[in-house]
Amino acid sequence: MPCSPSSPAFWRSPLRGPWFTSVLGVVLLVGITVLFVTGLVSYAAYNPDLSPVNDQTPDKGLLGFYLFSWPTDPSWLYRLTQGVHVTLGIVLIPVLLAKLWSVVPKLFALPPARSLAHALERLSLLLLVGGGLFEFTTGVLNVQLDYIFPGSFYPLHFYGAWVFFAAFLAHAVLKTPLALRNLRHLRDEHPREKGELVSPNPAEPTVSRRGALGVVGGGSLLLLGTTAGRSFDGPLRETAVLAPHGGPEPGGGPGGFQINKTAAYAGISPTETGEEAWRLVVTGRAGRSIRLARPQLLQLALHSSALPIACVEGWSTSDQWWRGVRLRDLAALVGDDDPVDVLVESLQRHGAFRRAALRANQVADPRSLLALFVNGEDLTPDHGYPARVIVPAAPGVLNTKWVARMTFGDL
């Protein structure tokens, strides 16, 4: 009995073979391509070239190419794209693990390289496996709000995605023709099929390959049912126990909808948000500056917008009814009548996105508000009292809470 993993006879499962691996590979080819595209879309949603505030990824060079200015229509755009990205990433985990299991003998094969082409293939495989595990692991940890990895999630996931997708693309170019040839035999599992993944001394089968695919598919469907509901409204919202904030909506009443960060966590005290202490400082492109207390904001023209909040972790709220002052009206108060960018700063003193930049098209949208009320009541402390930004289709972190300063100008 061989005891070395480098021996083909060490791996005895009769499930391994070109057909099983090819089916999983084609599913991942489509799924990971969608993941990469929606990841780039999420990158665009942060308006990364809008000053060094929204994107602080170091030395990104050509990898940081900017796709387009993020639109404000439809208002649920980021809710959809990021919901697909996160949900699909979780749903593909059983497929990824099964695919890695199906090809694990190749990781131990000797000699390490039979030729230059073989060495390049092995290197791409190592980058593919390492990059895949890294991306899926950091993604799941981010979804669960468990930031146990060193450094910021944003640049780690950004660079990991490019390494992983480059290896994935190279592997797909090499293996897709073979996978498609294997799938031509979809009606026949070919128990006598040959190949380097087929054991020369297979054990007795306990499940068919189609049965194994059923187990993988069932695992993916289970993850779909326990994750997807946080991206939209409906019965599945209550079954999304694996998504962040799984279970019932927090609390009740007008402020009973999801948040990531409480006022206590952000270090926001009632003293500094009280009517006597809090002032909003608004500065224009020409340097004109005004200070507004909350009663003064209430004297301005107030408008309402029905908008969701959608976060990078994949969860989103239903439409909430926000009421406040339009961002473009605040810009006009300091002399900026034309569309202009804005830098928004929070009372929060530490942590990511205590400052956020918005594009001129976001400022100009009539639904973009400095919100003072939600669902007919004052904002709660956890939802950003005394004032917060709400912008259609923007990622949740750009909807700054506990706003203290707004600086309009070209960023």
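**View 1. A nonpolar surface patch made of Val30, Val34, Trp76, Leu80 and Val84.** In this predicted model, the five side chains together have about 430 Å² of accessible area (Shrake-Rupley method, 1.4 Å probe, for residues with only the protein chains shown as cover). Patch residues have over 30% relative accessible area and no salt bridge, and nonpolar side chains (Val, Leu, Ile, Met, Phe, Trp, Tyr) are joined within 5 Å. A salt bridge is a Lys or Arg side-chain nitrogen within 4 Å of an Asp or Glu carboxyl oxygen. Helices α1 (18-45) and α2 (77-91) each give two or more residues to the patch. Helices are DSSP runs of H or I with at least four residues, and strands are runs of E with at least two, numbered from the N terminus.

**View 2. Trp76 in the loop between α1 and α2.** Trp76 has a relative accessible area of 45% and is therefore partly exposed (buried is under 20%, exposed over 50%, partly exposed in between).

**View 3. Packing of helix α3 (residues 93-107) with helix α6 (residues 209-225).** Their axes, lines fitted to C-alpha atoms over the stretch in contact, come within 8 Å and cross at roughly 150 degrees. α3 and α6 are therefore roughly antiparallel (over 145 degrees, on a scale from 0 to 180 between N-to-C directions). Ile93, Pro94, Val95 and Ala98 of α3 meet Val216, Gly219, Ser220 and Leu223 of α6, with contact meaning heavy atoms within 4.5 Å.

**Notes.** Residues are numbered from 1 along each chain as its sequence is written. Local features need pLDDT of at least 70 and side-chain atom pairs 80 or more, while totals for chains, interfaces and linings use all residues, and side-chain values use heavy atoms, without hydrogens and water.

Key:
Patches are made of residues with over 30% relative accessible area and no salt bridge: like charges are joined within 9 Å, nonpolar side chains (Val, Leu, Ile, Met, Phe, Trp, Tyr) within 5 Å. Buried means under 20% relative accessible area, exposed over 50%, partly exposed in between (1.4 Å probe, protein chains only). Angles under 35 degrees count as roughly parallel, over 145 as roughly antiparallel, 65 to 115 as roughly perpendicular and the rest as oblique.
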